[in-house]
Each structure stands twice: as structure tokens, then as C-alpha cells.
Amino acid sequence: MKVSAKQMALCGVLAALAVTAVTLSGMLPFAAYCGPVLASALLVPVLQLCGKRMAWAWYAAVAFVSILLCPDPEASVLFLLLGYYPIVKSVLDKIPYRALRILAKLLVFCAAMAIMYVVLIYLLGLEQVAQELETESPWILAAFGLLGLITFAMTDVLLARLIVLFQRRTGASIHKRKDELQ
């Protein structure tokens, strides 16, 4: 697939903006989860205009640079584990039964969260995360998990509406691309 200069420039600018969002979310404690969600939303134009191959390359580049630059490992690992979601959302949305579709999406989120905390605690050795989990009551942790699920569901709805809005405004559609039909 041949990539035009406009597509490459778009990907570069949006990648820089996504890295900035993830990095700033690491610097602002109240925005630890907002930055990775914003960065993954920036993947929508790349996916719609440049295709899945370029979107995967964009995601890998942003994840790699975010891990290197972000001061908060939680924000960068969150993007690493969920930043690809707009790419796989189209596959998950094709599941015919609504209950199975919702279950699959929640499974993606829960698996990513479990892997994130395992990586943060055991691989990166962040004892402060482990101490926070040990000192909090189970009800607080359950409420935190429920809020995470609600936020993920809202993000899914936001991405669906953002994709529709983007397609209406630009006429671009990932389903119309010839290179993606192969």
C-alpha cells in the first residue's frame, strides 16, 4: 500500500498530539485516565483516512514514545493496553448478538486492566500501587472497578459517535478502502 505525504503528515501530527495528551495526563494527577482516552480517540481519523495498517503503526509509535516520555507509568501502560481499542472496535461491533458484543467489549477492558496492574506491580515494581490496593477496602476497589467499566462504556459510545460524525463530515469510511477489503 502506498502512503501519501498528506497521510504521513496527518499521522505524524496526530501522533505528536497523542503523545502530548498521554504525557500531560501523567503530569496532572486528576487526568491519569483522560489522556490515554483522548489519545486513543485521536486514532479515529488515522484509522478512517489511512487504514488499519497505518493505524496499527501509529498506535505502536505512540505507545512506544509514551512509555519513554510519560512520567506516570500508569497512564502510559493504560494507553499501551487500551489505545488500540478504536481499531478492534469495528471487529467487536460486528458480533451479531448485543449481549455477546457487550460482553466481548467488557472482557477486553477487564483483561487490559488486570494486565495493567500485574505489569505495574510485578514487572515495574511499583510498590505504591500494591500498597494502595492493600489499604483500600474492598468496597472502594469495587466502586473503582465499576467506575472504570462505566467510563469504558462511555468511551465506547463516544468513539462510535465520533466515527459516525467523522464519516459524515469527511465522507471517509474504513469499509470503502480497497486495501482493507483484501
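Q: What makes the space of about 490 Å³ the largest pocket?
A: About 490 Å³ of space lies in the largest pocket of this predicted model. A pocket is an open set of points on a 1 Å grid over the protein atoms alone, where a 1.4 Å probe fits, with protein on both sides within 12 Å along at least five of seven lines. The volume is the space filled by probe spheres set on the points, which are joined across faces, edges and corners.

Q: Which of the 24 lining residues are closest to the centre of the largest pocket?
A: They are Y33, L78, F109, M113 and G148. A lining residue has an atom within 4 Å of a point.

Q: How do the residues of this lining divide into nonpolar, polar and charged?
A: There are 18 nonpolar, 6 polar and no charged residues. Ala, Val, Leu, Ile, Met, Phe, Trp, Tyr, Cys and Pro count as nonpolar, Asp, Glu, Lys and Arg as charged, and the others, Gly among them, as polar.

Q: Why is M54 called buried?
A: M54 has a relative accessible area of 11%. Buried means under 20%, exposed over 50% and partly exposed in between, with a 1.4 Å probe and protein chains only. M54 is therefore buried.

Q: What does M54 touch, not counting residues up to four places away in sequence?
A: M54 touches V3, M8, C11 and V46, where contact means heavy atoms within 4.5 Å. M54 and V3 are 51 residues apart in sequence and 8.6 Å apart in space, C-alpha to C-alpha.

Residues are numbered from 1 along each chain as its sequence is written. Local features need pLDDT of at least 70, side-chain atom pairs count only at pLDDT 80 or more, totals for chains, interfaces and linings use all residues, and side-chain values use heavy atoms, with hydrogens and water left out.
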